[in-house]
Amino acid sequence: MPRRSKGARLQLKAARRDKAGKITHRATWIIRDNGRDISTGCASDEITAAEQALKEYIASKYTPKRKAQDIESIPIGDVLSIYLDAELAKLRDRFKIAENDEETIPGIRKFKNRIGRLNDWWGAKMLADVDGEQCRQFAKERGNKGGSRRDLEDLRAAINHHAAEGYHRGIVKITLPTKGEARDKWLTRADAAKLIWRCWRYREMQKMSRGPLKGQKVATGKRPLRHLARFILIGVYSGSRAGAIAAASPIPAIGRAFVDLDRGIYYRRRQGDAKTNKRQPPVPIPPRLLAHLRRWHQIDHHAKHFVEFNGKPVTSVKTAFKTAVRLAGLGVGISPHTLRHTAATWLMQRGADPWQAAGYLGMSLDVLLNTYGHHHPDYLADAVEKIAKRERKIEGNRGSFGSVLRLGREKK
């Protein structure tokens with residue numbers, strides 16, 4: 001009877017020496033798997049890296065089934081794995097990066113973390129186990145209402161992708177937590193100016209390790225937030241989403257949002273991207289913003305993007321934005337998306353035509369009016385005027401509202 005396989009495992013391969021006793025090959029960790037030796041490239045003291053290599057090797061061996069099955073026999077872990085592979089391929093293509101560089105993109109890291117959380121809780125369950133009670137239990141244990149809703153949206157997307165590929169039969173429904181209240185946080189012009197100047201003037205502080213100022217923090221010549229000043233200007237003047245601002249470029253290319261400086265048109269959707277529910281229509285650029293963009297291009301005409309950090313396009317400004325908001329003393333609840341709220345609010349406050357404002361921002365008229373309509377100077381103005389307007393007196397009209405009020409006073 002053949003001996004039972006021990007499965008993939010780590011083993012330390014001893015160092016090799018020549019006849020003189022000199023080490024020719026250092027001791028390294030290898031993966032033993034059913035008689036095969038797979039090198040990890042990790043030295044004897046790199047046990048953590050070797051364990052990670054083993055983990056990745058075991059994960060690569062497992063391939064989920066991709067044929068139609070009943071939901072009672074499909075682990076949710078398989079569904080998540082298939083969806084993860086498909087989405088990562090799309091993201092690598094969008095950002096033009098290799099598989100080894102995925103961790104450099106914050107959006108990819110966060111996506112993988114969400115899938116990891118889902119797999120920890122749902123992975124061993126079957127598709128047939130998904131119901132409202134399980135979803136509510138997940139949300140309860142997750143703790144964060146908004147975060148649990150976002151995670152469950154990924155689970156729903158994974159299940160829908162699995163079904164669209166024809167990998168399962170049956171209907172699986174995800175119950176999402178209720179949406180939170182829409183945020184209406186926006187910046188005044190003074191707040192925006194203060195934030196921009198903070199970003200432009202801020203200098204990195206470093207603790208001195210020697211000299212007369214040893215132990216003290218001293219301002220350096222580095223300006224780590226200046227790229228954010230550009231980001232904010234584009235955001236408040238165009239009302240674009242953060243992704244479109246980061247991708248804004250004076251040079252047309254796949255994966256970039258082209259800014260035509262000659263015609264003054266901002267094509268916000270990245271070239272090569274498919275249309276989605278997130279509307280990103282081309283819009284004319286306001287003269288003030290256009291002047292800034294042209295000047296930035298003249299300063300560095302080799303730059304491929306308007307917002308770059310250390311010569312590279314930014315993928316996320318959340319951390320830098322949080323720092324800038326703290327330095328400017330603007331309080332909590334302000335994020336890069338606040339710039340879009342600000343643009344919408346300013347348009348309404350200045351009495352812009354709602355239909356044109358909605359088109360400029362790339363949102364539906366209903367969303368604009370329901371979320372920002374109360375900022376418009378004409379908001380319910382006609383109703384306010386009509387509710388207090390006195391009715392014109394008509395001879396013989398004894399049943400008017402005014403006569404009823406007078407009658408009530410006479411009786412008193």
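Which helices are included in what covers the buried residues of helix 2? Helix 3 (106-122) and helix 5 (145-164) are among the elements that cover them. This is a predicted model, in which local features need pLDDT of at least 70 and side-chain atom pairs count only at pLDDT 80 or more, while totals for chains, interfaces and linings use all residues. Residues are numbered from 1 along each chain as its sequence is written, and side-chain values use heavy atoms, with hydrogens and water left out.

**Overall architecture**

- The protein chain has 15 helices and 15 strands; helices (H or I, at least four residues) and strands (E, at least two) are DSSP runs, numbered from the N terminus.
- The radius of gyration of the protein chain is 30 Å, well over the 22 Å that the globule rule gives for 412 residues, so the chain is more spread out than a compact globule. The radius is taken over C-alpha atoms, and the globule rule is 2.2 Å times the number of residues to the power 0.38.
- Along the principal axes, the C-alpha atoms of the protein chain fill a box of roughly 120 × 65 × 45 Å.
- Of the 412 residues, 36% count as buried; buried means under 20% relative accessible area, exposed over 50%, and partly exposed in between (1.4 Å probe, protein chains only).
- Among contacts (heavy atoms within 4.5 Å) between residues at least 6 apart in sequence, 55% join residues at least 24 apart.

**Helix 2**

- Helix 2 comprises 20 residues (76-95), which at 1.5 Å a residue should span 28 Å; its end C-alpha atoms are 28 Å apart, which agrees. The expected span is 1.5 Å times one less than the number of residues.
- The buried residues of helix 2 include Ile76, Val79, Leu80, Tyr83, Leu84, Glu87, Leu88 and Leu91.
- An α-helix has 3.6 residues a turn, so residues three or four places apart point the same way.
- Lys96 follows helix 2 and has a positive phi, near 55°.

**Strand pairing**

- Strand 4 (residues 28-33) is mostly covered, with five of its six residues buried.
- Strand 1 (residues 9-13) and strand 4 run antiparallel and are joined by five bridges; two strands pair if DSSP finds at least two bridges between them.
- Strand 4 is also joined to strand 5 (residues 36-43) by six bridges, and these two strands run antiparallel.
- Thr28 of strand 4 is the bridge partner of Lys13, and Thr28 also stands opposite Ala43 in strand 5.
- Elsewhere, four strands form an open sheet of mixed pairing in the order 10-11-12-13. Its edge strands, strand 10 (248-249) and strand 13 (283-284), each pair on one side only.
- Within that sheet, strand 12 (residues 265-266) and strand 13 pair in the antiparallel sense over two bridges, and Tyr266 stands opposite Val283 in strand 13.

**Aromatic pairs**

- The structure holds five aromatic pairs. Rings of Phe, Tyr and Trp (its six-membered ring) pair if their centres lie within 6.5 Å; planes under 30 degrees apart count as stacked, over 60 as edge-to-face and the rest as tilted.
- One of these pairs is formed by Trp121 and Phe138, edge-to-face at 5.6 Å centre to centre with 70° between the planes. Trp121 lies in helix 3 and Phe138 in helix 4 (residues 132-142), so the pair ties together parts that are 17 residues apart in sequence.
- Trp121 counts as buried at 19% relative accessibility, and Phe138 is buried with a relative accessible area of 4%.
- Phe258 and Tyr267 form a stacked pair, 6.1 Å centre to centre with 10° between the planes. Phe258 is buried, with a relative accessible area of 17%, whereas Tyr267 is partly exposed at 29%.
- Trp121, Trp122 and Phe138 form one aromatic cluster.

**Loop residues**

- Thr188 is placed in the loop between strand 7 (168-169) and helix 6 (189-201), and at 32% relative accessibility Thr188 counts as partly exposed.
- Thr188 and Thr342 are 154 residues apart in sequence, yet 7.7 Å apart in space, C-alpha to C-alpha.
- Asn310, in the loop between strand 14 (308-309) and strand 15 (312-313), has a positive phi of about 55° although it is not a glycine. Asn310 is exposed, with a relative accessible area of 68%.
- Leu380 has a positive phi of about 55° although it is not a glycine; Leu380 lies in the loop between helix 13 (365-372) and helix 14 (381-388).
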